[in-house]
Amino acid sequence: MKVREFCGRHRKLCILIAVLAFVAAGVLIGVLWYFVLHDTESGGTLQGSAGMDVSAVSGMDLSDAVTASGVTSVGMISETWEVEDLSNVLYVEEVYLSSSDSVEEGDVVLKLNEDSVEEARELLEEALREAELAYRTGVIEYQQSLITAQYDRDVALANAEYAQTTYDNTVANLASSVESAQEALDEAEEQIAEYEELINSGDYYSYYNVAALKETYDENRELLTYYVELWGLDWSSVTGGSSMGGSAGSDDRLWVAQAIYTMLVQNEEDYEEALASYEDAVQNAQLNLQSLQLSLSSLKEALAEAQENYETQVLQAKLTLESTQTNAERAESDYETAVEAAESTYESLLDDYEDAQENLALFESTVGDGYYYAQGSGSVLSVSLRAGSYLSSDSVVFVYNNSDEVTVTVSVDQSDIASISVGESVYVQSTESGLYSGSVTSINPISSSSSRASVTYDVTVTLSGDVQNLSSNETVTVIFGVSMGGTGTNEKTGETESSQGGEQ
């Protein structure tokens, strides 16, 4: 009769059984907590039901502990042929074990077909050669990747440094162009002002002494006219160029007049030469002024163009600089990423190579001579293979009982499973045998429950030390996440245990 049909007919009885089971579970947990906490608080020695001294755990910190109950499994070990990635199978010719036989480590279990063994060896050797070749190629590629990554990083850093120099030079050259254009414009405007001042102020007239020379010429002309009239001299005689010598008297007067006339002629030449130079200077100044005034607009355009070039090209140079600097900043990250990828690939190839070596070595050590040898000792419970069957990767060869190995599998709620990891040390409390130490050996990632409301995962714990007092199917409680407050010796395990917590 199914449980659902039974409970349908005897509903009250089922409810009573459930209540009793719940109470029993509560009592069991209460006993466990009593064992753990009672003498811890009083400073005494915690005793298991079997009289075990567990003072080593009297300082347990149970604030983060997770507990779960399960039943022990004593010594049931499945011996598996652990050679991996073998595509062919080995033909079993003879089987030397049967149920209830005793087996020792190293005993012959199977005889295998030599041809299938040799074929498998060749496949594993070929896999090893391929893995070695891939690894050796990977070593070269790894070195090349490091060199390339280093080169790319150095180039990016060098580009950033060069970009800064280029930017500084660009800014300096553009600023120099603006400055030169401004200086050319300023110089032209200053020259225009100077020419206008020279032309309008009469400085040229004064510079060439035109007025003074004209005044001297006029004064000497007036003087000559005065004496010619005073002495009644003939102008033709004075200007004729006749001899200036002679006796005193009228000839002396003519000589003086001719001397004044000669000086007057020189005065006129000096005046006319100065006047011509003045007029040439003014004319040249006016031509230069016109030329400068005509070039003024082009100089202003050159300045405006230089300023515009400065603004646009400096901005472009700044963007180029920032882009190069960003690439340089990213180059270090890219370098680390490239190195990590190269190392990951290299390590993966090395792992594959080492795995292929270990795989071939395992093959040789277990079936290399055509026979399969037992890896453990105990009482055989079942043999999975028979003559005419095949041995393949991960095949279970036989199952045997080993009383030195005790495991317990418990269901842990999904809210607690994240805090548990493989290899974690735990304590196992047996109400009959006391307290034991152990470690998590496996966590099933697939939920062991079908209910959406209560999701649990199976966690397998292997006990350590002397487990002879434990029997199969014994109910125990596993304590996860326990930290110790002191050190001591577990009398069941014979091991010294310590913790990092303080004394309580």
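Me: OK, so is Arg121 buried or exposed?
Reply: Arg121 has a relative accessible area of 13%, and because the cut-off for buried is under 20%, Arg121 counts as buried.

Me: Which residue does Glu118 form a salt bridge with, and how far apart are the closest N and O atoms?
Reply: Glu118 pairs with Arg121 in a salt bridge, and their closest N and O atoms are 2.7 Å apart. Glu118 itself is partly exposed, at a relative accessible area of 34%, whereas Arg121 is buried.

Me: Which residues are linked with Glu118 in a network of salt bridges?
Reply: Arg121 and Glu364 are linked with Glu118 in such a network.

Me: How many salt bridges does a search of the whole structure find?
Reply: The search finds seven. One of them joins the side chains of Glu132 and Arg136, at 2.8 Å from N to O, and these two residues also lie in helix H3, four residues apart, or about one turn of the helix.

Me: How accessible are Glu132 and Arg136?
Reply: Glu132 is partly exposed, with a relative accessible area of 24%, and Arg136 also counts as partly exposed, at 49% relative accessibility.

Me: What about Asp334, which side chain does it meet in a salt bridge?
Reply: The side chain of Asp334 meets that of Arg330, with an N to O distance of 3.9 Å, and this pair still counts because the cut-off is within 4 Å. The two residues are four apart in helix H7 (residues 250-367), so about one helical turn separates them. Asp334 is partly exposed at 41%, and Arg330 is partly exposed at 42%.

Me: Switching topic, what pLDDT does the chain average?
Reply: The average pLDDT is 80, and 80% of the residues score at least 70. Over residues 19-58, however, the pLDDT is below 50, although that stretch has 60 contacts in the model beyond near neighbours in sequence. Residues 485-504 also stay under 50, and there the model has 55 contacts beyond four places in sequence.

Me: How should predicted coordinates be read where pLDDT is low?
Reply: With care, since such coordinates should not be read in detail.

Methods: Residues are numbered from 1 along each chain as its sequence is written. Side-chain values use heavy atoms; hydrogens and water are left out. Buried means under 20% relative accessible area, exposed over 50%, partly exposed in between (1.4 Å probe, protein chains only). pLDDT is the predictor's confidence in each residue, from 0 to 100. Contact means heavy atoms within 4.5 Å.
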